[in-house]
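Dear colleague,

I am handing over the structure we spoke of, and below it I have set out what was found. Please read the notes with the structure open beside them.

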Amino acid sequence: MDAFSTHTGIGVPLRRSNVDTDQIIPAEYLKRVTKSGFEDGLFAAWRGDETFVLNNPAYAAGSVLVAGPDFGTGSSREHAVWALMNYGFRVVISSRFADIFRGNSGKQGLLTAQCSQDDVELLWKYLENAPGASITVDLRERVITAGEIVATFEVDDYTRWRLLEGLDDISLTLRHEGDITAFEGTRPGWAATTTPA
Amino acid sequence: MAKTLAEKVWDAHVVRRGEGEPDLLYIDLHLLHEVTSPQAFDGLRLAGRPVRRPELTLATEDHNVPTTEGPITDPVSRTQVETLRRNCEEFGVTLYPMGDAEQGIVHVVGPQLGLTQPGMTIVCGDSHTSTHGAFGALAFGIGTSEVEHVLATQTLPLKPFKTMAVTVDGELPAGVSAKDVVLAVIAKIGTGGGQGYVIEYRGSAIRALSMEARMTICNMSIEAGARAGMIAPDEITFEYLRGRDHAPAGQDWDQAVESWRGLTTDADATFDAEVVMDAASLSPFVTWGTNPGQGAPLSAAVPDPEQMADDNEKAAAQRALEYMGLTAGTPLREVAVDTVFVGSCTNGRIEDLRTVAEVLKGRHVAESVRMLVVPGSARVRLQAEAEGLGEVFEAAGAQWRLPGCSMCLAMNPDKLVPTERSASTSNRNFEGRQGPGGRTHLVSPEVAAATAVRGTLSSPADLAPVEA
């Protein structure tokens, strides 16, 4: 997982609330055998609509999604996070996230920045008036800036620390690799192995 | 401090315990199959990480494999299997592929190799990993991110589970099997009753069961919502393991058994919850609905939702009867089935097949019924053939297939068609589980065989004696 301190990228205004994970990526895309390549299934049902925001070339290269409340509800599928990140998103801004989605995001390095709905409305207006404009998200200071807008956001301390350090669960565990190796030294000699007999 | 069996196994595997953090638990055995592992391997590849302990990792092909001769024809299934082969090759993991003498359902293969042993921690990206708890192992299913975590670190960060004792005392009546016991337990505590718990099955009726029967019980712990089920190891466990390929031998065996004998719940230990059942009160049990908790004795009738006090339960029962095409009040023995499926990680082992063959011998599957007998592994199939069971199945008009998960979850071509009704020795009667629109009744091997002969849900006691 890459460390995250400050990110600047094109902001994408997604004026929808209750975006569930089935909308983020439909089940038919889950048969893939990789963790990559899910960008083609991202918002699949909406991509066919030419007025959908990502079909506007000004927003197509976006990396900061500004969405309505209750983003990421429904199925726990990790593919939803993979799809957003595969597409190029590093940050989702919303006034409220579903718990499981937020947890999955933290595991994969996608920042879920929670700010007030008033600030989301300001960001939507700004991005719609200036398609392709950038947003800067400073995780260290927990501040979003876009043009004249300066907004603070919430993220829990533990997730913030992990993102700043670039530590996924595996990296965190591997910090204690010495403990794992020491434990392995205490396993009995007769402990089973899968090496064919 | 007095400890339960589950707590003993947990505590013996804590690599690291930090304030306000989950425990980091060492994993002794990690089993893999083709469906939930591809993204985990892809994650390792993207991060440039190796598999930490390939010699504690084992893969088999089971979910997607056809049970008839020939290659996989579905391209998506084939891709998953081919991906597993490439990943195992690249990361140095032992794989038992289709056609190999050791191939089979992952939860049948581990125990029969002697890899599943008392006191171990065992994980797999599959909820029925609870099967291995029959040996006194702490075994549970995990998600794809966790599969990657175990591949990379051989550990998992986990918050402790609560403990539940399910005690079944007394003697099981003739014709009542482990499957009936666990279906009755699930009907009693509900599909969410075990949420957050590790269940330990105890009592004289459990102690009297063979290892294979114990596996059937632990297998379905997940259907009660529990993460794992366990049974303390005893002489039956040790006798099952002795001499198996991966079991300790010689002096190692003696040391191992000595260590395993300590794996019992201390007399003064307490459980967070306790459930008691009387073995003598149990009878052949079948499900009538669309979750494993919607079951009743075979001698009963389809229940009437109007009689149910709880509104949620009533609504669920109404929906289930509509889906199942059943009318309240119909005796379960009059429910006619189209298909009988014998197999799965629940009831696809040699004892299950012997039971089925004993009922089918000298009898014939009803005209209206197709019967599939799918061994849980290649070794089970070979053993069944050596004992002449394959001939019994075929003489009775059943289809004797190659090993795999098959119609338990219908990821391969073995499926029900819409409204087709099955009696199945598998573990889930969810809507569409055995094929879109398919209707599943979960049953024991005894009931499956008798149902195949009579064409309606039946127990062997309902059959006319075989003429000499």
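In chain B, strand β15 (residues 339-342) and strand β18 (residues 421-424) pair in the parallel sense, over 3 bridges. Please keep in mind throughout that this is a predicted model. Within that pairing, T339(B) has S422(B) of β18(B) as its bridge partner. The two strands belong to an open sheet of 5 strands in chain B, which has parallel pairing and runs in the order β17-β16-β15-β18-β19. Its edge strands are β17 (399-400) and β19 (439-442) of chain B, each of which pairs on one side only.

The remaining notes concern the contact between the two chains. Chain A contributes 32 residues to this contact, and chain B contributes 46 residues. Between them the chains bury about 3300 Å², with 58% of that area on carbon and sulfur atoms. On the side of chain A, V33(A), W190(A) and T194(A) supply 25% of the area that this chain buries against chain B, which is more than any other three residues supply.

One of the residues that form a salt bridge is R49(B), whose partner is D168(A), with the closest N and O atoms 3.7 Å apart. There are also 16 residue pairs in polar contact between chain A and chain B, counting pairs with both residues at pLDDT 80 or more. On the side of chain A that touches chain B, the elements that give two or more residues are α3 (79-87), α7 (169-174) and α8 (177-185) of chain A. Of these, α8(A) gives the most, with 6 residues. By residue type, that side of chain A divides into 11 nonpolar, 11 polar and 10 charged residues.

One residue of chain B deserves a separate look. H149(B) lies in helix α5 (residues 144-153) of chain B, and its side chain makes a polar contact of 2.8 Å with the side chain of T173(A). Is H149(B) buried or exposed? H149(B) counts as buried because its relative accessible area is 3%, where the cut-off for buried is under 20%. Leaving aside residues up to four places away in sequence, H149(B) touches D169(A), I170(A) and T173(A) in chain A, together with Q154(B), T155(B), L156(B) and P157(B) in its own chain.

With best regards

Definitions and conventions: Residues numbered from 1 in each chain as written. Chains lettered and ligands numbered in written order. Predicted model: local features only at pLDDT ≥ 70, side-chain atom pairs only at ≥ 80, totals over all residues. Heavy atoms only, no water. Contact = heavy atoms within 4.5 Å. Buried area = accessible area lost by both parts, 1.4 Å probe. Salt bridge = Lys/Arg side-chain N within 4 Å of Asp/Glu carboxyl O. Polar contact = N/O pair within 3.5 Å; in protein donor to acceptor, adjacent residues only side chain to side chain. Helix = DSSP H or I, 4+ residues; strand = E, 2+ residues; numbered from the N terminus. Nonpolar A, V, L, I, M, F, W, Y, C, P; charged D, E, K, R; others polar. Buried < 20%, exposed > 50% of the residue type's maximum accessible area, 1.4 Å probe, protein only. Pairing = 2+ DSSP bridges.
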